[in-house]
Amino acid sequence: MSEQFERTELIIGKDNIVKLKDSRVAVFGVGGVGGYVVEALARSGVGTLDLIDNDQVCISNINRQIIATHKTVGMNKVDAFKERILDINPEAIVNTYNTFYMPDTKDQFDFKNYDYVVDAIDTVTGKIQLVMQAKEADVPIISSMGAGNKINPTMFEVTDIYKTSVCPLAKVMRYELKKRGVKKLKVVYSKEKPMVPRTDFDDVDGSCGVDSLKSMSPGRRSTPGSNAFVPSVVGLIIASEVVKDICGLHN
């Protein structure tokens, strides 16, 4: 076993290091939350990572996304992450999809190939489809609820979707999943009430292409405020759940 994972091995044991190496995890959305999931899974020794995201790194990502630096601005996020992961673990297998996951692109992915699925995307339609596709393939999935416009990382917790409250996104997901007969879903969410963004779109520099706040199309949901410490905590919580589930470390 590589020396780079020996400190992890002291906690979870050699057998679980092997389990992680033999596991394949798909992370849908590699932005503020998903990026930290990818980072932690790569550093935990997960052997195969599938990264799904169609965005490019933007200057406005630098405040919160681990892949975002002035050097990576303009790169496809999945490509930038592949380079980073292979710098962390040259033995890893990284499959990239510069794809916006929605019902019309779901057939690009065979969930039976995955040991775990992480939902870190923003659109409700896509999140619901991810859950349904994972359930159909009998693959464990964990979903991130709303992390935008929040400032208290200590309020996030892991629970079942039907035990959530306050979070507007979780409310919509509860309603839609109940209609579809989904009985449970592991999520990370917060009871913190979202703050109201103080900056109008017209005050934001729109020079960064696809992630420009000015380029938001009419009818699309408003872009939330964010920071360096909330999405990162959510992503690390999710990664810890993935690792513990794969290794059977939950009490």
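Analyst: Helices (H or I, at least four residues) and strands (E, at least two) are DSSP runs, numbered from the N terminus. With that naming, D138 is found in the loop between α5 (124-137) and β5 (141-144). The model is predicted: local features need pLDDT of at least 70, side-chain atom pairs count only at pLDDT 80 or more, and totals for chains, interfaces and linings use all residues. Residues are numbered from 1 along each chain as its sequence is written, and side-chain values use heavy atoms, with hydrogens and water left out.

User: What is the phi of D138, and is D138 buried or exposed?

Analyst: The phi of D138 is near 60°, a positive value in a residue other than glycine. D138 counts as exposed, at 70% relative accessibility. Buried means under 20% relative accessible area, exposed over 50%, and partly exposed in between (1.4 Å probe, protein chains only).

User: And what about V166, where is that one?

Analyst: V166 is in the loop between β6 (156-160) and α6 (168-179). Its phi is positive too, about 70°, although V166 is not a glycine. V166 is partly exposed, with a relative accessible area of 43%.

User: Let us turn to helix α2. Which of its residues are buried?

Analyst: In α2 (residues 14-21), the buried residues are N16, I17 and L20. They lie on the same side of α2, because they cover an arc of only 105° around the axis. That arc is the one spanned by the directions from the helix axis to the C-beta atoms.

User: What do they pack against, and what is on the face turned away?

Analyst: The buried residues of α2 pack against α1 (6-12), α3 (32-44) and α7, where contact means heavy atoms within 4.5 Å. The face turned away from the buried side carries the exposed residues K14 and D15.

User: Now salt bridges. How many are there?

Analyst: The structure holds eleven salt bridges. A salt bridge is a side-chain nitrogen of Lys or Arg within 4 Å of a carboxyl oxygen of Asp or Glu. One of them joins R24 and D50, whose closest N and O atoms are 2.8 Å apart. This pair links distant parts of the chain, with R24 in strand β1 (residues 24-28) and D50 in strand β2 (residues 48-52), 26 residues apart. R24 is partly exposed at 22% relative accessibility, whereas D50 is buried at 0%.

User: Which residue does E241 pair with?

Analyst: E241 forms a salt bridge with K186, the closest N and O atoms being 3.0 Å apart. E241 belongs to helix α7 and K186 to strand β7, 55 residues apart in the chain. E241 is buried, with a relative accessible area of 6%, while K186 is partly exposed at 23%. A network of salt bridges links K186, E241, K244 and D245.

User: How many disulfides does a search find?

Analyst: A search of the whole structure finds zero disulfides, a disulfide being a pair of cysteine sulfur atoms within 2.5 Å. As for individual cysteines, C167 counts as buried at 2% relative accessibility, and C247 counts as buried at 5%.

User: One last topic, the surface. Which residues make the nonpolar patch?

Analyst: I151, M195 and F229 make a nonpolar surface patch of about 270 Å². Of these, F229 lies in the loop between β7 (186-190) and α7 (230-247), and F229 is partly exposed, with a relative accessible area of 39%. Patches are made of residues with over 30% relative accessible area and no salt bridge; like charges are joined within 9 Å, and nonpolar side chains (Val, Leu, Ile, Met, Phe, Trp, Tyr) within 5 Å. Accessible areas come from the Shrake-Rupley method with a 1.4 Å probe, and for residues only the protein chains shown count as cover.
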